[in-house]
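Reader: I'd like to learn how to read a model like this one. Could we go through it together?

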Amino acid sequence: MVETKKPTYYITTPIYYPSGKLHIGNSYTTIACDTLARYKRAKGYDVFFLTGTDEHGLKIEEKAEKLNTDPKTYVDGMAKQIKELWQLLEISNDKFIRTTDDYHEHAVQEIFDRLLKQGDIYLGDYEGWYSVDDEEYFTETQLAEVYRDDDGKVIGGKAPSGHEVELVKEQSYFFKMGKYADWLLDYYQTHPDFIQPANRMTEMINNFIKPGLEDLAVSRTSFTWGVQVKNNPKHVVYVWLDALINYITALGYATGDDEALMDKFWPANVQMVGKEIVRFHTIYWPIILHALGLPLPKTVFGHGWLLMKDGKMSKSKGNVIYPETLVEHYGLDALRYYLVRAMPYGNDGLFTPEDFVARVNYDLANDLGNLLNRTVAMINKYEDGQVPAFKSGVTPFDTTLEAVAAETIENYDGYMDQLHLSDALAEVWKLVSRTNKYIDETAPWQLAKSDAAADADQLASVMAHLAASLRVIASLISPVMTHAPKAIFEQLGLDEAALTLVDLKMADLPANTQVVAKGTPIFPRVDMEKEIEFLKGQMTTSDKKKGRAAMEAAKHAVEVEGEWDPAETELNVTKDEIKIDDFDKVELKVAEVIAVQKVKGADKLLQFRLDAGDADHRQILSGIAKWYPEPEALIGKKVVIVGNLKPRKMRGEMSQGMLLSAEHDGEVQLITVPESLVNGSLIS
């Protein structure tokens, strides 16, 4: 029998600069790449997943000096720390490269010498502005801010990152980037998928190529911590040239060793980087590869940043949160799920304690965790713990659920292949929501009361469909979450080894498996207020700031106990006339229903989670449960909210606004708007 050769898939993270402890923003890239690597393995690919550390340069040299140690000792400690973090996050990388590895340094020297001999690198004199923090050269026109003396002469400035620059005057080797500008522009045009998302390509063309691509200084003589140029050792290779080459030296290129991995996996399928280093990876890197006669990676994906409300994470701002904290308190799956779900394709994401805790409670505990709990409990109660054989079309709702599952699998695969990871997870949660609705539609507790054989058949079909849907859901989330899928399979009595994404179908549910006697919640609910305050405390750096934050929270929240009744705000009650100025004070916004459920212990209240185009989702409680006995049907609907109503508490839950509804003859109906309207649109 001839063994079928697996398709290959090579994915890389940027190699991380070990100048400080990594936070959740740094962790996102690695978790995203790990998700793709796990997905491709589950689809039958032969995957090579690379990550590592970028350990040379003046910044490292200065950092070590401040710590009264040598650079190698410093980077050894940092590399160990980063490897331990990746182990904690269960990153499945196949290799971890360090630019201080002997084989890599040897390859850098060989590649530099080859480019020098073929005329792509030449020796000259450099004078210009250099940012130590960014390890980057800038022309005067590229600086975000310049400092001048009394005569108007430029004496310093700030890079676009905000870091100070210094004037550098030294002999340097230069790479003839300008020589390849026309070739690169043509490559962009003939390979539209090379840079993703597409707007990053537009930035590169307009900001760097069209104004004229300047030759790049690729060596330094003012410090020693780097790879020496082989035939001129007073020069060390520019840290970015050194770093970019790691993607091929990790496969054995120019190392003097076996290049079998290079032959097998290059060109890379996906090289994922943060948007701040897209220029290096889509201008310098392809030109270097082309000069070496090597093919270019198929896609360089520049993702956005994970921001806080006050901007990018920064220790000086006191808004940093570390992955270890989230894993310790909420589990690894909660962190991995949140980071992948919170980062929209190509755009910036926003981390807030409120959004993180809400996703733990709503998405994971309520939607998925409760679905598993109910399913296991009902199979035990109605089928003696044994999952019935899967049969299609027994109840009127079976084929609809099966169709949603098939559509989910198809859309999920499409999104994953296109690197739309957040959208892929959103698709899975549509199936989670639809399966929860299926329980309400089929009402198995009613079927169980009947003695009719037909009802017993329907009840068995419902239990099989619930188990089958959970099996599909667990398989689809397995690239993102490393524990929950196994727990779902275990509680359903399924073999963990059968977790696969190859030809996934509901109908392939194994029959007669035995569920656990008593299910264990895989995502316990947390106290939202308590956990939000905990996370806020982790993100602040002083008691003074904590005090200000507490005062601000107190100013914007008001305690109101009890239930809201629609009669409080009936629209058909005659009220005093108001002026246009009064009406202008009301902010009406379009919002999408993301999740909805009944409030425990409050018969009238529904708890809505809404996307109103704000920085994070908002929660609104509405006393309309009587008119919406199946509230899940509202998920995905676009509604109108009063967005600037002062928040208040009802039954221990915060309500941040009000939903508009219409009332007539005692019937209340939510006001909905066309789905084409953008979330957050103002109604005037």
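Predicted model: local features only at pLDDT ≥ 70, side-chain atom pairs only at ≥ 80, totals over all residues.

Reader: What percentage of the 684 residues in the chain do buried residues make up?

Author: Residues are numbered from 1 along each chain as its sequence is written, and side-chain values use heavy atoms, leaving out hydrogens and water. Buried means under 20% relative accessible area (1.4 Å probe, protein chains only). Here, buried residues account for 53% of the 684.

Reader: Which helix is mostly covered?

Author: Helices are DSSP runs of H or I with at least four residues, strands are E runs of at least two, and both are numbered from the N terminus. The chain has 21 helices and 29 strands. In helix H12, residues 332–342, eleven of eleven residues are buried. Among them are Asp333, Arg336 and Arg341.

Reader: What radius of gyration does the chain have?

Author: The radius is taken over C-alpha atoms, and the globule rule is 2.2 Å times the number of residues to the power 0.38. For 684 residues a compact globule would be near 26 Å, and the chain's 29 Å agrees. Its C-alpha atoms fill a box of roughly 90 × 80 × 50 Å along the principal axes.

Reader: How many contacts, in percent, join residues at least 24 apart?

Author: A contact means heavy atoms within 4.5 Å. Of the contacts between residues at least 6 apart in sequence, 74% join residues at least 24 apart.

Key
Buried < 20%, exposed > 50% of the residue type's maximum accessible area, 1.4 Å probe, protein only.
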